[in-house]
Amino acid sequence: MRIDKLTIGAALAAALLLGGCATLPPGSKPDPRDRFERANRSVYAFNRAVDHAILRPVARGYVKVTPKPVRRGISNFLANIDYPITILNDALQGKVHDGLSDIARFGINTVVGVGGLFDPATHWGFEKHDEDFGQTLGKWGVSSGPYLMLPIFGPSTVRDAPAKVIDHFTTPRTYVFNTNIDLGLSVVSTVDKRAGLLSTDEMIDNAYDPYAFLRNAWLQRREYQVRDGKVPPDEAPKEDGLPTAPDRQPVPDQQPMPDQQPMPDQQSTPDQPPPDQHLAR
């Protein structure tokens, strides 16, 4: 817990040192969903620098030296230990059927799956769900508010950022009071999540405006999650105001849809399930 607080504090301080006054790319129009865009872009620049200097190289090395079955087992274990977040929010959203199914899934994978290293529940027909407290607030009508780019944690909103605190106290990982174990889990979880995002690196790096591309993709997917995939076309997030590079296709045309590709805040590689938390790109 102390380590988490120190890490978050250092990240916030470093982000603030960047100034919070980044300029918009030529031709960009302000997005009404991104009221704090200049500050958000500064935080994104910090996150991107940390990612390129540390997280991306470590994740690539991890994928290169770690066999697929081992990576899959680690991802399964981390997803299972955080699964009570989904179970609690099933209940808070009144999803009785999903809640009972997820309780069974958690129990099966914990006992039969050797602490979650394996995923027999999926093979037995228990579908994996993904719920968090931010989605619960959205389910009951709480507006997302402006988009936020958080240091280290990445894309969020005014609604979803505080909700992460509730999720933090819902996962059993929070109650591991051994500093070495806590640190080990945090490091492994971070590397595992970043490894799950490697498949999106080229797509984002090639975007004319990577910040806007990530923002639009994340907001679109988040709305999809909150509404359980039932997003009317006229209410889907707009993607206006993105400049087009002369030698590239317009960024909106590159935008992956939720049912086509994993989103940048929650990616998966073919050998592992999607991580439950979001990392900065």
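A cavity is defined on a 1 Å grid over the protein atoms alone as a set of points where a 1.4 Å probe fits but cannot get out, and its lining residues have an atom within 4 Å of a point. The model is predicted, with local features requiring pLDDT of at least 70 and side-chain atom pairs counted only at pLDDT 80 or more, whereas totals for chains, interfaces and linings use all residues. Residues are numbered from 1 along each chain as its sequence is written, and side-chain values use heavy atoms, with hydrogens and water left out.

**Figure 1. Overall architecture of the predicted model.** The protein contains 12 helices and two strands; helices (H or I, at least four residues) and strands (E, at least two) are DSSP runs, numbered from the N terminus. From the N terminus, the order of elements is α-α-α-α-α-α-α-β-β-α-α-α-α-α. Of the 281 residues, 45% are buried; buried denotes under 20% relative accessible area, exposed over 50%, and partly exposed the range in between (1.4 Å probe, protein chains only). The accessible surface, about 14,100 Å², is 64% carbon and sulfur, and such areas come from the Shrake-Rupley method with a 1.4 Å probe, with only the protein chains shown counting as cover for residues. Among contacts between residues at least 6 apart in sequence, 70% join residues at least 24 apart, where contact means heavy atoms within 4.5 Å.

**Figure 2. The second largest cavity.** Three cavities of 30 Å³ or more occur in the structure. Which residues lie nearest the centre of the second largest cavity? Among its 11 lining residues, these are Asn76, Ala79, Asn80, Arg105 and Asn109. Helix 3 and helix 5 each supply at least two residues of the lining, and helix 3 gives the largest share, three residues. By class, the lining comprises four nonpolar, four polar and three charged residues. In this scheme Ala, Val, Leu, Ile, Met, Phe, Trp, Tyr, Cys and Pro count as nonpolar, Asp, Glu, Lys and Arg as charged, and the others, Gly among them, as polar.

**Figure 3. Helix 5 and its packing partners.** Helix 5 (96–111) has 16 residues and reaches 23 Å from its first C-alpha to its last, close to the 22 Å expected at 1.5 Å a residue. That expectation is 1.5 Å times one less than the number of residues. The buried residues of helix 5 are Asp98, Gly99, Ser101, Asp102, Arg105, Ile108 and Asn109. These buried residues pack against helix 3 (68–81), helix 4 (83–92) and helix 6.

Figure 4. Helix 4 is largely enclosed by the rest of the structure, because seven of its 10 residues are buried. The buried set consists of Tyr83, Pro84, Ile85, Thr86, Ile87, Asn89 and Asp90. Their cover includes helix 3, helix 5, helix 7 (133–139) and helix 8 (160–168). After helix 4 comes Gly94, with a positive phi near 75 degrees.

**Figure 5. The loop between helix 5 and helix 6.** Although not a glycine, Val114 has a positive phi of about 55 degrees. Most residues other than glycine have a negative phi. Leu117 belongs to the loop between helix 5 and helix 6 as well and is partly exposed, with a relative accessible area of 35%. Not counting residues up to four places away in sequence, Leu117 touches Arg72, Gly73, Asn76 and Phe77. Arg72, a residue of helix 3, is partly exposed at a relative accessible area of 36%. Arg72 and Leu117 are 45 residues apart in sequence and 7.9 Å apart in space, C-alpha to C-alpha. For Leu117 and Arg71, the C-alpha separation is 9.9 Å across 46 residues of sequence.

Figure 6. Is helix 11 largely enclosed or exposed? Helix 11 is largely enclosed by the rest of the structure, because 15 of its 17 residues are buried. Its end C-alpha atoms are 24 Å apart, in agreement with the 24 Å that 17 residues should span at 1.5 Å a residue. Just after helix 11, Asp228 takes a positive phi of about 55 degrees. Asp228 occupies the loop between helix 11 (210–226) and helix 12 (251–254) and is partly exposed, with a relative accessible area of 40%.

Terms used
1 Å grid on protein atoms, 1.4 Å probe; cavity = no way out; pocket = protein on both sides within 12 Å on 5 of 7 lines; lining within 4 Å. Points joined across faces, edges and corners; volume = space filled by probe spheres on them.
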